[in-house]
Amino acid sequence: MDIYRLPARADNYIFVLHNPVDHTAAVVDPADAPPVLDKLAELGATLVAIFNTHHHNDHVGGNRELIKRFPKAEVYASEEDKGRIPQQTYALKEGDRVTFADRIATVLFVPGHTRGHIAYYFSPTSAPASAPASVITPLDDTPGELFCGDTLFAGGCGRLFEGSPEQMQSSLAKLKALPDNTRIWCAHEYTLSNLKFAMHVEDQNEALRSRFAEVTTARAQNQPTVPALLATEKATNPFLRWESPQLQAIASSQDPVTVFAHIRTMKDSF
Ligand code: ZN
Ligand code: FE
């Protein structure tokens, strides 16, 4: 499975998944159809699936036009989002599995940004879904791929539009528990501004300071910062760092939800 990152709108990323063996493709969160159609034409690929993480227009805006061009493609989205995802054909919940190419993705229910938000975690295995369990051999050099929409960002997290701090903290804890080498394919290039805030609240974090310097350089050269590695997020993203003494001191609490809620509120007006 090859992954292509397409910039869209002001700061969105759309991800096209391609199976070079049979020239099928899937797309994660098509904000708009034209960049996806261009990529499919370039690859000579047929679209077989749309994977939506949540109902916001900058994640589903391309659904209708893509389905017009590829009427047989399935549209996967949360069962909580039924009625607000254009052309939805599958209603997914926590633990469901979807497949593309030779990969299997587990659906993670991660409410907080919206009440129906889901993420797709392609685990680091490389056998077809139809193969017997004994044939599925983990490949150490194939990292897990997490498509998490607007839940976890590089250096930040999504705003709480429809969910509570409790929900979002528990969603982020679920993502934090994935393997360290998981690649984080988040849907926006927000990393630099996220890290400016992170530096504001946790300037004593050495790993954060060096990441901030790297990302500042990368963005000055217009380089993308997505995907990020989960290990990097655990070391530098304040919204996964409710155990940090500096963040706990700011929130005057050691309770994960209280620390998370306090930092999230600060970010809202930063
Ligand atoms: Zn959103
Ligand atoms: Fe978004």
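Along the chain, the residues that donate to the iron ion (ligand 2) follow the spacing D-H-x90-D-x37-H, where donors are N, O and S atoms within 2.8 Å of the metal (3.2 Å for Na, K and Ca), and water is not among the atoms, so sites may look incomplete. This is a predicted model, in which local features need pLDDT of at least 70 and side-chain atom pairs count only at pLDDT 80 or more, while totals for chains, interfaces and linings use all residues. Residues are numbered from 1 along each chain as its sequence is written, ligands are numbered from 1 in the order in which they are written, and side-chain values use heavy atoms, without hydrogens and water.

**Metal site**

- The iron ion (ligand 2) is coordinated at 2.1 to 2.3 Å by D58 (OD), H59 (NE2), D150 (OD) and H188 (NE2).
- D150 coordinates both the iron ion (ligand 2) and the zinc ion (ligand 1), which are 3.2 Å apart.
- D150 lies in the loop between β10 (145-149) and β11 (152-153), and H188 in the loop between β13 (183-186) and α5 (191-201), so the pair ties together parts that are 38 residues apart in sequence; helices (H or I, at least four residues) and strands (E, at least two) are DSSP runs, numbered from the N terminus.
- D150 is buried at 5% relative accessibility, and H188 is buried at 3%, where buried means under 20% relative accessible area (1.4 Å probe, protein chains only).

**Helix packing**

- In α5, residues including L192, L195 and M199 meet residues of α6 that include L208, F212 and V215, contact meaning heavy atoms within 4.5 Å.

Note on methods. Buried < 20%, exposed > 50% of the residue type's maximum accessible area, 1.4 Å probe, protein only.
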